Amino acid sequence: VSARENRDLIGRLQQIVGGEHVLTSRDILGSYETDWTRRFSGSALAAVRPASTAEVAAVLAACNEAGVAVVPQGGNTGLVGGSVPRAGEVVLSTRRLAQVESFDPVARELTAGAGVTAAQANALAAAHGLQLGVDLASRDSATVGGMAATNAGGIHVVRHGMMRSQVIGLEAVLANGGVVDRMFGVVRDNTGYDLANLLVGSEGTLGVITRVRLRLVAVERRRAVALLGLDSVEEAIGVALAARNGLPGLNAAEIFFAPGMELVCSAMGLTPPFEKRFPVYVLIEAAGAGEVAEGLAAFLEGSARAAASAFATDARDCARLWAYRERHTEAINTAGVPHKLDIALPLGRMAEFVREVGPVVRSLDPGGREILFGHVADGNLHVNLLGFEPDDERPDDAILRMVAGLGGSISAEHGVGVAKRQWLHLTRSAADIAAMAAIKRALDPRGILNPGVIIPA
Ligand SMILES: Cc1cc2nc3c(=O)[nH]c(=O)nc-3n(C[C@H](O)[C@H](O)[C@H](O)COP(=O)(O)OP(=O)(O)OC[C@H]3O[C@@H](n4cnc5c(N)ncnc54)[C@H](O)[C@@H]3O)c2cc1C
């Protein structure tokens, strides 16, 4: 595309959304061009901020015609480099699609523009004792459209499932400007291909999600949190499985390790929870309307005896215990630019992985270190590697191959983005990838939507 064609396209975009919503100045573009981890960045032709489905459709039609690629961006909290441009794309920001259109506390659902953040949706729902089924530490910036586009997981998957389970309706604009409207949300609907479900988890490669209709869940009146210090991963898995099978109202089961606990405490200025250092920590949360604290206490007494434990029931103390786990991502970012791998393993292989990962990292660089944490009941571990250059792919390669060898997945919840695409073949067959590429070609024949994300361009 020539400089003149780019100028013409910018002129058309200005006509569609208004001049002030087509950003081209380098200073302002900066925040749209670099991702949250700072590992991924590129330069954009412009960032465009449409305010309606019709404007999104016109923007995509114009870019498609001009053959200029488009990177959809919500809160830009994605961790796999899919939300930022590589070179010369138009960033389509959904942040002005920010209306909560309807809220039905009886049906327990909410219809919102893609740019509404999780925190905004929750603030509205909270007045009626409701909330989104998916919760994550990026809630203040992550948008409901971005969460659907990445099929976000988070801390309550063990109870409510991933974002896919929350989406009951969806509207999206395809590359040619056509609008797929699957908002009507009837429970039984067997009328052909499930396009809404196809768009969930498509990471901006098949369409721009413009509106979503989401299931809400009750904010449980009572909550109790226990933090346990344990001696091994096997013990942690034992606790998580026992909780899954026998703890009423299990709401979260999280794992982290001594190096993470130490980093969080030093970087965030937190006092360690126990005098003794434990190799493994598990945080269990139960929530419900009844005798939640009693249930969790009985569970700890019967099935999850630990050498050290801390227990909380009021909101402030619960938040204090959660901080050791939730502030990992932030603390890791203060220690460098991490390689973030988000893997899932069969529970029976998790201990083996944890044992082997350190030696593998050190064999590549004696100064490399790994900080692991994750959602233990679902076999999900976030593997954060520090001490490697952003473009050094050796640790990613070694670890993702190890995961594949153990029968796991190279992405549990963050998606593939550009960060994992070259390893997709490790856990998806050639036939799978060919089918995905065929779907991509059919919906986006000119390849303008987030090229190079999921499937290498
Ligand atoms: C501190 C922190 C904690 C996190 N914790 C979790 C966690 O527990 N679980 C989890 O799953 N993730 C987690 N994440 C990752 C991230 O928050 C999620 O992936 C989130 O769903 C991204 O939403 P977003 O609006 O920021 O999307 P963006 O980062 O803007 O985009 C992410 C991807 O979706 C595409 N996209 C965005 N909006 C749209 C749209 N409207 N239509 C089509 N495509 C779109 C983009 O092109 C990109 O490929 C965390 C991130 C941070 C920074």
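At what angle do helix H1 and helix H3 pack, and how far apart are their axes? Let's find out with a short tour.

**Before you click**

This is a predicted model, where local features need pLDDT of at least 70 and side-chain atom pairs count only at pLDDT 80 or more, while totals for chains, interfaces and linings use all residues. Residues are numbered from 1 along each chain as its sequence is written, and side-chain values use heavy atoms, with hydrogens and water left out.

**Stop 1: two helices**

Select residues 3-17 (H1) and residues 53-66 (H3): these helices pack at an angle of about 170 degrees, with their axes 10 Å apart. Helices (H or I, at least four residues) and strands (E, at least two) are DSSP runs, numbered from the N terminus. Axes are lines fitted to C-alpha atoms, for helices over the stretch in contact, and angles run from 0 to 180 degrees between N-to-C directions.

Now show side chains. Among the residues that meet are Leu9, Leu13 and Ile16 in H1 and Val59, Ala62 and Cys63 in H3; contact means heavy atoms within 4.5 Å.

**Stop 2: the open sheet**

Next, display S1, S2, S4 and S3, which in that order form an open sheet of 4 strands with mixed pairing. Two strands pair if DSSP finds at least two bridges between them. At the edges are S1 (22-23) and S3 (70-73), each pairing on one side only. Select S2 (residues 43-48) and S4 (residues 87-93), which pair in the parallel sense over 5 bridges. Click Ala46, and you will find its bridge partner in S4, Val90. Bring H3 back into view: this helix packs on the sheet and touches S2, S3 and S4, with its direction at about 165 degrees to that of S4.

**Stop 3: a hairpin**

Move to S8 (residues 167-173) and S9 (residues 179-182), antiparallel strands joined by 4 bridges. Val173 stands opposite Val179 in S9. Which residue of this hairpin takes a positive phi? Look among the 5 residues between the strands for Gly177, with phi near 95 degrees.

**Stop 4: another helix pair**

Finish with H9 (residues 233-246) and H14 (residues 350-364), packed at about 150 degrees with their axes 9 Å apart. Val233, Glu234 and Ile237 of H9 make the contact with Met350, Ala351, Val354 and Arg355 of H14.
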